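The sequence and structure come before the account.

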Amino acid sequence: MDKLTRKSYELRRDIIEMIYKSKAGHIGGDLSVIDILTVLYYDVMNICPENFTDDNRDRFLLSKGHCADALFVVLGDQGFFDKQEAIDTFSQYKSKFIGHPNTEVNGIEINSGSLGHGLSVGVGMALAAKMDKKTYRTYVVLGDGEMAEGSNYEAMMAAHQYQLDNLCATIDFNNLQISGTIDEVMSSVSIAEKFASFGWNVIEVEDGNSCKQLLKAYQEAKQCKGKPSVVIAHTVKGKGVSFMENQKAWHHGVMNQEQYKQAVQELEEVLS
Amino acid sequence: MNTITNRQAICDILLEKAKKDKDIIVVCSDSRGSASLTPFAQTFPEQFVEVGIAEQNLVGISAGLAACGKKVFAASPACFLTTRSYEQAKVDIAYSHTNVTLIGISGGVSYGALGMTHHSCQDFAAMSALTGMRVYIPSDRFQTQKLIAALLEDKEPAYVRISRSATEDVYNESMEFKLNKATVLGEGKDVLLVACGEMVPYAKKAMEELNQKGISTGLIDMYCLKPYDAETLLQQAKDVKLVVTIEEHAPQGGLGSMSAHVLSKYCPKRLVTLSLPDEHLISGTNKEIFEYYGLDTKGIVQAVKKALCII
């Protein structure tokens, strides 16, 4: 097992612990997006606690903010704060580790959580880099259900208008949202075509939970000049825990003790 | 009679400041002409961002720019800016404390006969309700410029509402200005008028007329709606019989409501709140609309007399 994949499964274990303890969070999306976060934070992006006040650090925005649980685990593991504190206090009384990214938590760029905001903010950040002739890149991770928000399409137009090749969006395409499949709720079948027709460089990742495939996609995105890139990562909701995979009930399900034990056991098996 | 609009005054001050500050950025939503910001776009194209007719994106992009150190002024018609992009103002600007000044142009009933879609009679209430957002309604061009210069000195979010047409001068270039401190334009023993924005010149004339008639009247220009200058209000309201608020806004949630909130808590006083009604407005120019709803000098004087049982 390669290093990134191992890391993503270790982080899955942390997420399971955080969510079991808090009885809150969005476990299904956390497990689908964690490989994307792992590849970005542990390889692709130049963001770390030491450079977080450096103007030329890369910028990361979790537009699908309800998966803050996964992001907190990653940031804690990176040393932005005590990871165990985040795991122990997530969503608890007076905790700063609330259900969405907020700037009280070290490592978070801007408050988010309402869907359809991140891409516009990312456009602004990428534009600022162009204005200041800085080399940092801006990464925005969105959900597939989130693509029903119309504001995304305003941002897609602007990113193309300003030729923001320093902007890279990722769609965590796990094909499920709270009410059912994407197609049942509001179809996004042609999401790749939509981005392409807006003038974006589209990179589809067949297995969006494969760190190897994701890494290749982000490297390809870095090479693209003159237009923004989108990585459409076909992921599995609940990936890594058999009874959660592709089940909409696990969008924000809460585990009982037995389920928790099974989830941990399955992840330990992969890691051993 | 002054012909320089407040939007021109904003463009002038931004042009002046941007010469020495490359971080000043103006963002428009196909609104550079109506915001009188075309000279800025032409002089500093590298510091100007056009987002097209997309107000949500206007505010989101502004937040992103500000998060990377820019001092952003986003200008769009108040009617769209404070409703279509309300959530972006809440989350990306107010909650995130980004250094963005939202400029609501053609505010209130500036667009007159274009109708309710283009009126913004809810913006004081809406923007004031956002935690972290400051709300300013400058009256004339001098106050507008002083306000923008002051906002450039800090990094907190603000909403500024201005009118489309030129407002009569209330001040002059040497005016004293303190951010978040209302201006006392006259002191009276009987009546205190409290106005903001386009209503201030009307209120000033009404004050003069009432004083001539022997009704001792004072006036506060409460350009800082939030944070509301309660101290100045209470000082001036202390000994009068009647307080009258005048605003180009719906009756709920604006200057009248905020003044009532302060007075009822600290200094219960007879209060008359003059505003636009909570109904679909008649068609006409802004001045015709003001006259119809009693928001001009004559209307203010009459309202005072009626409240004092003089007519």
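## A buried residue in chain B

B:I300 has a relative accessibility of 0% and therefore counts as buried, the limit being under 20%. The model described here is predicted. The residue belongs to helix α12 of chain B, which covers residues 297–307. Beyond its neighbours within four places in sequence, B:I300 is in contact with B:L193, B:Y202, B:A203, B:A206, B:I246, B:L274 and B:G294.

B:D92 gives a reference point elsewhere in the chain: B:I300 and B:D92 are 208 residues apart in sequence, and their C-alpha atoms are 39 Å apart in space.

## Domains of chain B

Two domains divide chain B: domain 1 spans 6–161 and domain 2 spans 183–307. Taken over C-alpha atoms, the centres of domain 1 and domain 2 of chain B are separated by 26 Å. In the contact between them, domain 1 of chain B takes part with 27 residues and domain 2 of chain B with 29 residues.

In soluble globular proteins, nonpolar side chains tend to be buried together. In this model the largest nonpolar core has 104 residues, and B:F40 and B:L102 have the most contacts inside it. Helix α5 of chain A gives the most to this core, with eight residues.

Setting aside neighbours within four places in sequence, B:L102 is in contact with B:V59, B:A74, B:L81, B:A89, B:M127, B:M133, B:A158, B:Y159 and B:V160. Another core, of 58 residues, lies apart from the largest one, and its members include A:Y9, A:I34, A:F97 and A:V141.

## A buried glutamine in chain A

A:Q78 is in helix α3 of chain A, which runs over residues 68–78. Is this residue buried or exposed? With a relative accessibility of 19%, A:Q78 counts as buried, because the limit is under 20%. Not counting residues up to four places away in sequence, A:Q78 touches A:Y41, A:Y42, A:I47, A:C48 and A:P49.

## Pockets

The largest pocket has a volume of about 490 Å³. Its lining has 20 residues, and those nearest the pocket centre are B:A66, B:A67, B:C68, B:G69 and B:H97. By residue class, the lining of the largest pocket comprises five nonpolar, six polar and nine charged residues.

The second largest pocket has a volume of about 280 Å³. Of the 16 residues that line it, A:M131, B:P45, B:E46, B:Q47 and B:F48 lie nearest its centre. Helix α5 (118–131) of chain A and strand β2 (48–50) of chain B each supply at least two residues of this lining. The lining of the second largest pocket divides into seven nonpolar, one polar and eight charged residues.

## Cavities

How many cavities of 30 Å³ or more are there? The count comes to four. The largest cavity holds about 60 Å³ of space. It is lined by A:F60, A:L61, A:L62, A:L71, A:P101, A:G107, A:I108, A:E109, A:I110 and A:S112.

Strand β1 of chain A, residues 59–62, provides the largest share of that lining, with three residues. Seven residues of the lining of the largest cavity are nonpolar, two are polar and one is charged.

## Backbone features in loops

The peptide bond from B:K226 to B:P227 is cis, with omega near 0°. B:P227 is placed in the loop between β10 (224–226) and α9 (230–237) of chain B.

Positive phi values in residues other than glycine are found at A:K133, with phi near 50°, and at B:D30, with phi near 55°. A:K133 sits in the loop between α5 and β2 (138–143) of chain A. B:D30 sits in the loop between β1 (24–28) and α2 (38–43) of chain B. The relative accessible area of A:K133 is 71%, so this residue is exposed, the limit being over 50%. B:D30, at 53% relative accessibility, also counts as exposed.

Key: Residues are numbered from 1 along each chain as its sequence is written. Chains are lettered from A and ligands numbered from 1 in the order in which they are written. This is a predicted model: local features need pLDDT of at least 70, side-chain atom pairs count only at pLDDT 80 or more; totals for chains, interfaces and linings use all residues. Side-chain values use heavy atoms; hydrogens and water are left out. On a 1 Å grid over the protein atoms alone, a cavity is a set of points where a 1.4 Å probe fits but cannot get out, and a pocket is an open set with protein on both sides within 12 Å along at least five of seven lines; lining residues have an atom within 4 Å of a point. Grid points are joined across faces, edges and corners, and a volume is the space filled by probe spheres set on the points. Helices (H or I, at least four residues) and strands (E, at least two) are DSSP runs, numbered from the N terminus. Ala, Val, Leu, Ile, Met, Phe, Trp, Tyr, Cys and Pro count as nonpolar, Asp, Glu, Lys and Arg as charged, and the others, Gly among them, as polar. A nonpolar core is a set of buried Ala, Val, Leu, Ile, Met, Phe, Trp, Tyr and Cys residues joined through side-chain atoms within 4.5 Å. Buried means under 20% relative accessible area, exposed over 50%, partly exposed in between (1.4 Å probe, protein chains only). Contact means heavy atoms within 4.5 Å. Domain bounds come from an automatic or database domain assignment.
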